[in-house]
Amino acid sequence: MTTRRRFVQQLGALASASAVGALAPTFARAQSAKLRVGLMLPYTGTYAALGTAITQGFNIALEENGGKLGGRDVEFFTVDDESEPAKATDNANRLVQRDKVDVLIGTVHSGVVMAMVKIARDTGTLLVIPNAGANAATRSQCAPNIFRTSFTNWQPAHPMGKVMYERGHRKVVTLTWKYGAGEESVESFKEAFTKQGGAIVKEMYLPFPNVEFQPFITEIASLRPDAVFVFFAGGGAVKFTKDYAAAGLKDKIPLYGSGFLTDGTLEAQGASAQGLLTTLHYGDGIENAKNKQFRYAYGKKYGVQADVYAVQGYDACLLLAGGLAAVKGSFGDKKALYGALEKVKIDSPRGVWTMSKAHNPIQDIYLRRVEGNANQVIGIAWKALDDPANGCKMQA
Ligand code: PHB
């Protein structure tokens, strides 16, 4: 071997050694850099308590996981979305473009989440939805990088059609806010109720987040239906049950709803919510070890009772913890990451659930009755209910 050849060989060896040397720390750094988590939730407005509960639930699970996800420390970037669809695109862009988050978590409001879904689809950012039920997010707009730990608007309302019919109601008035969640909840209830043979006397709507319920309550009193089905949540739900009871209708025309009507709201609703029956994928008194442990930890840390929103936030963190552990915190192989997220079995306070092919929970829907300050489970309204996921074509 000539000297020159040996020299070139040595150079090559040196070069590749230094390449490895240069690469190794970068690779290690990428894995151990803080995971950038963007929280886009309402912290003001009628859904403020819901955003807070989701954040707190997420934090409980993160603490249980030693403050890390996939072995990485977590850095939060937070935006108050105010449940305001007009600001949603700017808010989500701020987290994705400016803060360069690895994962976007949000939100509560169905209209706001659709802007987040669009940005997630356009940029490929991982999105975890811890509440908003907009059907399209896991139907026509489903995507490999979009996951939901809550429900579709169709899911909790559907079993109520059967429950109300079986309780002898035949003519029902519906009332809700005129926006995605309200409309899709009523549509789902109506589909199930009319299939049984029931009839909708009148569908009533008011703009979100208005709480001028009086004219509607007066009209319900004059229409005298067998029962009323509503979708309301948060501050609006509190005002509604109080107004309904104050008008003297609570014991005359039975009121039902998807369980958001009485979740996280019972202390404020007081007597106006006692005895109400609702359907939801959670109940305060669910008898499993995980629920007991979660409710205890949540009450101890935050001094308030856990609710469905806290559970959905907790589960969003469990999903990320499980998925990221499987890929050792790396976002390098997206297919591996999404595959891992799809396979996580969530040991939730609501009961163990799995992800559907469309990335939405397959879960039991409970029938609950308000007793004191708790939504007590009195039965399972629908076992392992999966959303129909119409129009979801998952592109690999
Ligand atoms: C929604 O807008 O999707 C929504 C909001 C609050 C709830 C449930 C659904 O409690």
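A polar contact is a pair of N or O atoms within 3.5 Å; within protein, one of the two must be able to donate a hydrogen and the other to accept it, and residues adjacent in sequence count only if both atoms are side-chain atoms. The model is predicted, with local features requiring pLDDT of at least 70 and side-chain atom pairs counting only at pLDDT 80 or more, while totals for chains, interfaces and linings use all residues. Residues are numbered from 1 along each chain as its sequence is written, and side-chain values use heavy atoms, with hydrogens and water left out.

An oxygen atom of the ligand lies 2.8 Å from a polar side-chain atom of Tyr309. The backbone also takes part: a backbone N or O atom of Gly133 lies 2.9 Å from an oxygen atom of the ligand, and for a backbone N or O atom of Val108 the distance to an oxygen atom of the ligand is 3.3 Å.

On a 1 Å grid over the protein atoms alone, a cavity is a set of points where a 1.4 Å probe fits but cannot get out, a pocket is an open set with protein on both sides within 12 Å along at least five of seven lines, and lining residues have an atom within 4 Å of a point. Grid points are joined across faces, edges and corners, and a volume is the space filled by probe spheres set on the points. The whole structure holds one cavity of 30 Å³ or more, and the largest cavity contains about 80 Å³ of space. Its lining has 16 residues, of which Val108, Asn131, Tyr179, Ala181 and Phe231 are the closest to its centre. With Ala, Val, Leu, Ile, Met, Phe, Trp, Tyr, Cys and Pro counted as nonpolar, Asp, Glu, Lys and Arg as charged, and the others, Gly among them, as polar, this lining divides into eleven nonpolar, five polar and no charged residues. The largest cavity lies between domain 1 (4–151 + 285–359) and domain 2 (154–280), because both give residues to its lining; the domain bounds come from an automatic or database domain assignment.

The largest pocket holds about 460 Å³ of space. It is lined by 26 residues, and the closest to its centre are Gly264, Thr265, Leu266, Gln305 and Asp307. Helix H2 (48–64), helix H8 (234–246), helix H9 (266–269) and helix H10 (289–302) are the elements that give two or more residues to this lining; helices (H or I, at least four residues) and strands (E, at least two) are DSSP runs, numbered from the N terminus. H2 gives the most, with five residues. The lining of the largest pocket comprises ten nonpolar, eleven polar and five charged residues, and at least three residues are drawn from each of domain 1 and domain 2.

Turning to the strands, two of them pair if DSSP finds at least two bridges between them. Six strands form an open sheet of mixed pairing, in the order E2-E3-E1-E4-E5-E6. Strand E2 (68–69) and strand E6 (146–148) stand at the edges with a single partner strand each, so one side of each is left without a neighbour in the sheet. Strand E1 (residues 35–41) and strand E3 (residues 72–80) run parallel and are joined by seven bridges, with Met40 having Val79 in E3 as its bridge partner.

Some backbone details remain. Most residues other than glycine have a negative phi, and most peptide bonds are trans. Glu82, in the loop between E3 and helix H3 (85–98), has a positive phi near 60 degrees. The peptide bond from Gly106 to Thr107 is cis, with omega near -5 degrees, and Thr107 lies in the loop between strand E4 (103–105) and helix H4 (110–123).
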